[in-house]
Amino acid sequence: MAEAGLIDHTDAAAGSHSRALEGPRGARPRRVLSRRNIILYGTLFVVAVYYLLPLYVMIVTSLKGMPEIRLGNVFSPPVEITFEPWVKAWATACTGLNCDGLSRGFWNSVRITIPSVVLSIAIASVNGYALANWRFKGANLFFTILIVGAFIPYQVMLYPIVIILREMGIYGTLTGLVLVHSVFGMPILTLLFRNYFTSVPEELFKAARVDGAGFWGIYFKIMLPMSLPIFVVAMILQVTGIWNDFLFGVVYTKPDIYPMTVQLNNIVNSVQGVKEYNVNMAATLLTGLVPLVVYFVSGKLFVRGIAAGAVKG
Amino acid sequence: MASVSVRNLDLSFGDVKVLQNLNLDIEKGEFLVLLGSSGCGKSTLLNCIAGLLDITDGQIFISEHNVTWEQPKDRGIGMVFQSYALYPQMTVEGNLAFGLKNARVPRDEIKKRIARAAQLLHIEPLLKRKPAQLSGGQRQRVAIGRALVRDVDVFLFDEPLSNLDAKLRAELRVEIKRLHHELENTTMIYVTHDQIEAMTLADRIAIMRAGAIQQLADPATIYNKPYNKYVAGFIGSPSINFIDGTLEAASDPVFKAGETKVDLSRYAFSGNGPKPGPVTFGIRPEHIFMDKAAVDEPFRANVEVDVVEPMGADTLVWSKLNGHELRFRVDGQTPLKKGDRVKVGFDPARASIFDAETEMRL
Amino acid sequence: MKPFKALLTASTFLGAATAASATDLEVTHWWTSGGEAAAVAEFAKAFDASGHKWVDGAIAGGGSTARPIMISRITGGDPMGATQFNHGRQAEELVEAGLVRDLTDLAEAEGWRDVIAAPSLLESCTLDGKIYCVPINIHSWQWLWLSNKAFEDAGIPVPTNWDEFVAAAPKLREAGKVPLAMGGQPWQRKGAFDVLMNALGGKDLTLKVYQDKDAEVAAGPEVAKIFAAAADAREMAEGSNVQDWNQATNMVITDQAGGQIMGDWAQGEFQVAGEVAGEDYTCLPGLGVNEIISTDGDAFYFPVLDDEEQSKAQEDLASVMFNATTQVAFNLKKGSLPIRKDVDLNAANDCMKKGLDILLEGGVVTSVNQLITPDTNTQIEGLMTEFFSDKNITPEDAQARFAEIIASAE
Amino acid sequence: MPSARPSQLFRNLNAKIASIPMILTAVVVFLGGTIWTVVYSFTNSKLLPRMRWVGFDQYERLWDTNRWLISIENLAIFGVLSLIFSMVIGFLLAALLDQKIRFEDTFRTIFLYPFALSFIVTGLIWQWLLNPDFGVQSVVRSLGFDGFNFDPLYNADIVIYGILIAALWQGTGLVMCLMLAGLRGIDEDIWKAARIDGIPMWKTYLFIVIPMMRPVLITALVIVATGIVKVYDLVVAQTGGGPGIASEVPAKYVYDMMFLSQNLGQGFAASTMMLLTVIIVVVPWAYLEFGGKGKRHG
């Protein structure tokens with residue numbers, strides 16, 4: 001009844017005023033199913049399906065047994081869920097004589113990724129900072145070479161780098177691989193950091209100089225604490241890139257430090273009889289797990305960081 | 001004894017010459033304002049003095065030391081920026097202490113200086129806060145405090161009040177002036193484009209244009225005897241009336257523009273006396289009087305009111321004097337409307353006359 | 001000093017594979033399919049038994065993935081203990097650059113030359129009179145593998161030669177089978193073409209084209225026949241959407257395809273799948289037309305190492321690989337022929353025995369890989385890949401381009 | 001007494017020291033490696049680099065090789081299309097996400113996750129999905145559309161589009177993220193002004209917002225373009241260059257020549273051509289963008 005009373009009240013209120021107040025009043029009505037919303041969410045939904053389909057197929061396939069894969073279509077959910085492909089991919093899949101799956105490569109990948117990410121980001125952030133705030137003669141020339149270098153296909157550089165590493169005496173070592181990753185991560189990361197540091201108000205930098213801070217003082221005490229977002233972006237890009245790397249990992253190291261991707265390639269490409277799609281998919285998912293988790297966890301920071309580093313040029 | 005001296009300073013970026021052969025001497029304890037519109041090189045000059053820009057040629061002395069090649073931190077200066085430039089991740093206290101820590105000042109000394117600066121600037125309650133938690137005015141106080149704790153002889157201000165709203169700006173302006181009185185021996189160089197700040201704060205003003213100083217003088221001189229037409233037009237709000245015409249000096253010097261003739265026998269010509277030829281005649285709106293007040297003025301004429309702008313305390317009247325635009329100020333209570341014909345008058349002694357070609361004051 | 005020392009170690013080692021101090025030796029290869037892995041395990045077992053440790057450095061994806069890695073490591077100054085290469089001219093330059101170990105002393109001490117099945121095998125390891133590699137098996141390309149069941153399904157007898165197979169193709173199609181299984185990788189297509197040339201054109205034609213690089217012959221009517229046969233094969237292979245050779249073999253094993261032209265390594269796959277030669281599948285050497293086989297195969301090279309113990313282990317490994325017992329064990333699993341003529345192969349199946357017989361009768365044609373450079377090889381591979389996947393290319397066009405490549409070959 | 005004038009070399013000394021890794025990388029690795037490659041492209045090096053001069057022989061052969069020409073053509077088609085599509089789709093997705101929608105985080109994560117996967121993985125998945133025997137085609141056919149044909153990876157005429165589908169799947173998410181960040185950086189007042197002026201939304205995007213996003217567009221362009229030139233893993237994993245040589249790309253030609261054919265000289269010649277193209281396209285832009293004078297002065 002209270003409701004009815006309320007309606008009466010409004011009616012009465014409306015009636016007591018002149019006719020000029022008729023027409024729209026109050027909040028504009030919002031329809032959930034407006035044409036705009038249908039198109040908007042419809043499009044997003046369709047596109048999302050396109051993006052999710054492969055992941056769905058991978059997961060579904062990795063949970064099926066081989067007979068089911070041969071019979072059913074790729075999109076049907078598993079009739080019988082089995083985790084055996086995952087176990088096999090992780091622990092027992094063979095390459096040549098080694099039958100310990102991906103497990104061996106996982107820790108190698110960690111051992112490669114962490115120092116490479118740290119070193120490449122450290123170098124690139126200092127580069128970006130020097131380029132943005134301490135322009136010295138010739139700096140832009142080197143930077144231009146660096147950016148052009150980003151376009152050179154890695155294959156082209158394989159040989160020269162073998163020679164360089166050999167001359168440095170670090171061919172086939174972890175140090176060598178970390179250096180290679182740092183070198184090839186440098187162009188894009190330096191660009192990102194340079195853009196980011198350029199967007200930091202210059203007066204801040206000037207104030208710090210007047211306050212007597214030097215090159216490193218300003219970097220560590222002023223710039224570094226302000227640049228978390230761009231560091232997150234750099235970290236995500238590098239973790240993904242280095243974790244997924246196959247070429248450098250296989251060419252510049254030796255078997256006892258081969259990264260996980262080499263094992264993945266070995267499992268996926270060593271066909272023993274029939275291709276075991278379920279094991280391949282499980283292996284693929286396992287290998288992609290680390291970067292995927294990084295993305296799912298820090299996706300929001302990623303966009304924010306990009307916004308900070310890439311928007312201003 | 002000059003506190004800051006700039007000798008024959010040149011600065012160019014590639015082919016672009018930003019500052020040319022600039023000379024400036026600033027006395028100890030003086031408050032000097034660098035005034036000019038944006039792009040005139042005033043901030044650039046300040047940055048050169050601070051050592052934040054490397055100069056192309058010339059010398060800079062601070063407290064008798066040649067600091068031309070010194071790092072900013074070694075020049076004995078403190079600087080306050082337009083955007084405050086507070087280190088966002090440090091507390092107010094951290095911001096104030098940063099420079100001192102870099103200079104390896106002992107801990108108790110840092111504490112003492114921060115306490116004193118905080119007291120001077122009334123920011124004691126804010127010491128533990130981060131810049132993001134402060135209002136604009138508070139931030140700028142902290143920024144000033146950061147210069148203050150350095151205990152230096154020269155303060156550089158780079159448009160410190162431009163980011164604040166009008167009310168705060170007025171408040172802080174007074175505070176800076178008070179600060180200058182309290183720190184007797186401290187030289188302050190202050191960059192602004194706001195002439196009110198310049199007039200109120202400065203011991204001397206340097207008006208800059210296109211990388212060169214147009215006039216360097218105390219505010220009264222700048223206001224009353226502008227060195228050239230640019231300075232005259234730049235200083236004063238509402239701005240000075242300019243009327244183009246000719247100067248005739250057959251007997252007594254007379255300014256002629258169409259039917260208007262102004263007798264200039266009371267005008268104090270500089271140097272060589274009146275030189276006949278085309279000139280620009282300038283008279284400030286506040287030096288023109290109306291009706292009864294105009295009666296005693298040496299020059300009188302009738303004008304027609306065009307636009308009336310009441311501003312409370314006074315009213316700005318736009319009028320036509322024989323076709324020439326003439327603005328003048330009257331009391332806020334004066335009833336006037338468009339089309340009224342009124343009598344106005346002024347004393348030509350208070351006018352400024354500029355050579356039409358060189359734009360120099362005659 | 002080095003040869004002397006090598007001689008010393010070789011002589012102390014002779015015969016018995018004991019007494020050596022245990023050393024880890026990394027061996028790289030690209031044997032990762034079922035049969036291959038089982039075969040390489042035999043080497044590892046034998047090497048481990050000699051007191052050393054085989055560190056397996058398998059790199060999947062075939063020679064094209066593995067070879068750059070191996071070459072980079074050797075030239076980069078971080079060589080492995082031993083590495084696989086195919087016979088032929090692949091490693092020539094590494095030898096010339098002094099990066100590969102000279103095995104002549106060991107070979108002489110063990111009398112390799114006396115027991116080798118075909119002299120050409122050691123010749124391809126030899127440069128300037130010195131031996132630089134251990135040949136470990138003989139692979140021949142010239143085999144046609146047929147699924148008995150597939151022909152049964154189509155209601156026709158299993159063909160006994162290429163022409164019958166071509167004639168049977170329409171029936172197979174009707175029965176819903178792909179007549180000829182063929183993987184998409186370039187080397188498989190080029191291999192099939194060479195087999196057609198070996199089998200249908202004969203040894204002389206092969207040598208004229210590939211050894212003498214006679215462009216006129218390459219453009220002539222005899223080779224035109226080969227291209228016509230290749231066009232047949234192209235038609236028959238339509239519908240086999242696989243990449244890897246063993247996937248194609250699997251089509252034959254699972255009776256989805258009538259047959260496959262593939263080297264004898266395919267036999268390993270039949271074996272792993274538990275199929276029996278003669279019952280489940282039929283093998284026709286030389287496509288049943290011209291019973292000759294080539295002496296392709298694998299060899300191991302031993303990069304020069306500084307470490308003395310490792311160098312010694314290398315020698316032990318070379319010796320183990322050449323050893324008669326390991327040869328038998330390895331080649332049975334691998335489905336290839338041993339490189340020694342003094343071994344007993346009773347355990348071998350029908351197909352292997354057929355091959356062995358042909359080999360001993362001297363029905364041998366030099367491997368194409370030994371005649372042309374890898375560069376020419378890939379050029380022809382490119383041509384064949386195009387030809388087999390694009391029906392718009394006529395045999396005549398393809399032959400013209402083939403002749404051009406031969407003319408410019410080194 | 002003025003302190004000693006710091007020599008030109010020692011000005012910003014710390015900055016220079018800190019930039020040594022960058023300078024070494026630029027000069028030794030990128031410049032040195034490039035020069036080395038160019039020099040050896042004039043030799044007939046086979047398995048190992050050797051100084052045996054043959055002049056322009058390698059280049060003559062390169063431009064005589066059908067496979068190289070097809071590779072170039074493929075790269076051109078792939079490059080242009082993937083630039084256009086990834087930029088357009090990336091922008092459209094970003095614009096959709098910028099409509100203050102619900103579940104923005106979810107959608108964004110969905111669009112971005114493929115970027116976490118390597119090209120090898122991407123190639124494998126899509127090779128499988130596009131396989132006519134059990135992928136999309138067979139599924140659609142099993143739904144009753146018998147005539148449905150979708151086998152891009154087995155049709156030489158359209159195989160490059162099959163690769164494009166996979167490449168876009170992997171890469172547009174990042175472009176979207178960049179664009180989204182760019183859109184978020186646009187002043188709200190611009191939108192208000194456009195609304196009051198009654199400018200339709202698409203026009204606002206096209207004529208006002210996009211021109212304002214120039215820096216972000218450039219960053220996106222650089223990232224996408226570097227990926228295009230280098231495209232290799234994807235092709236190897238998805239088609240191996242097939243069917244036939246229909247999906248060959250220059251980077252694969254280089255790699256195959258160097259390591260499969262053991263013809264380093266030819267591989268280097270092909271790399272040099274790629275470098276030359278890159279330099280012609282990129283250097284003028286890079287110089288304008290980074291080589292000119294700094295933008296900020298006091």
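This is a short tour of a predicted model, going from confidence to chain contacts, then domains, then helix pairs.

**Stop 1: colour chain A by pLDDT**

Start with chain A and colour it by confidence. Its mean pLDDT is 80, with 83% of its residues at 70 or more. Now select residues 1-16 of chain A, where pLDDT stays under 50. For this stretch the model has one contact beyond four places in sequence. Helix H1 (residues 2-16) of chain A has the lowest mean pLDDT among the elements of that chain, at 45. At the other end of the scale is helix H5 (residues 103-133) of chain A, which has the highest, at 91. Where pLDDT is low, the predicted coordinates should not be read in detail.

**Stop 2: show chains A and D**

**Stop 3: bring in chain B, then chain C**

The contact between them takes 18 residues from chain B and 14 residues from chain A. On chain B, pick out strand S6 (77-80) and helix H2 (92-102), each of which supplies at least two residues of the side that touches chain A. By class, that side of chain B has 11 nonpolar, six polar and one charged residues.

Next, show chain B with chain C. No contact joins these two chains, and their closest C-alpha atoms lie 47 Å apart.

**Stop 4: the two domains of chain B**

Stay with chain B and give its two assigned domains separate colours: domain 1 covers 2-234 and domain 2 covers 241-355. Their C-alpha centres lie 38 Å apart. How many residues does each domain of chain B bring to the contact? Four come from domain 1 and four from domain 2. The domain 1 side consists of two nonpolar, one polar and one charged residues.

**Stop 5: the two domains of chain C**

Move to chain C and select domain 1 as 2-139 + 296-340, and domain 2 as 143-294 + 364-408. The C-alpha centres of these domains of chain C lie 30 Å apart. Their contact takes 18 residues from domain 1 and 17 residues from domain 2. On the domain 1 side, highlight helix H2 (34-49) and helix H16 (324-334) of chain C, the elements that give two or more residues. H2(C) gives the most, with three residues. Colouring the domain 1 side by class shows one nonpolar, 12 polar and five charged residues.

**Stop 6: a helix pair in chain C**

While chain C is selected, zoom in on helix H19 (residues 374-389) and helix H20 (residues 395-408). They pack at an angle of about 175°, with their axes 10 Å apart. H19(C) and H20(C) are therefore roughly antiparallel to each other. Show side chains for Thr376(C), Gln379(C), Ile380(C), Leu383(C) and Phe387(C) of H19(C), then for Ala398(C), Arg401(C), Phe402(C) and Ile405(C) of H20(C); these residues make the contact. By class there are six nonpolar, two polar and one charged residues.

**Stop 7: H5 again, in chain A**

Among the contacting residues are Ser109(A), Ile112(A) and Ser116(A) of H5(A), and Phe231(A), Met235(A) and Trp243(A) of H11(A). The contact as a whole has 10 nonpolar, five polar and no charged residues.

**Stop 8: finish in chain D**

Last, select helix H4 (residues 66-97) and helix H8 (residues 159-184) of chain D. Are they parallel or oblique? Their axes come within 7 Å and cross at roughly 40°, which makes H4(D) oblique to H8(D). The crossing of H4(D) and H8(D) is right-handed. Colour this contact by class to see 21 nonpolar, six polar and no charged residues.

Technical notes:
Residues are numbered from 1 along each chain as its sequence is written. Chains are lettered from A and ligands numbered from 1 in the order in which they are written. Domain bounds come from an automatic or database domain assignment. Two residues are in contact if their C-beta atoms, placed from the backbone, lie within 7 Å. Ala, Val, Leu, Ile, Met, Phe, Trp, Tyr, Cys and Pro count as nonpolar, Asp, Glu, Lys and Arg as charged, and the others, Gly among them, as polar. Axes are lines fitted to C-alpha atoms, for helices over the stretch in contact, and angles run from 0 to 180 degrees between N-to-C directions. Helices (H or I, at least four residues) and strands (E, at least two) are DSSP runs, numbered from the N terminus. Angles under 35 degrees count as roughly parallel, over 145 as roughly antiparallel, 65 to 115 as roughly perpendicular and the rest as oblique. A crossing is left-handed if the near helix is turned anticlockwise from the far one by less than a right angle, and right-handed if clockwise. pLDDT is the predictor's confidence in each residue, from 0 to 100.
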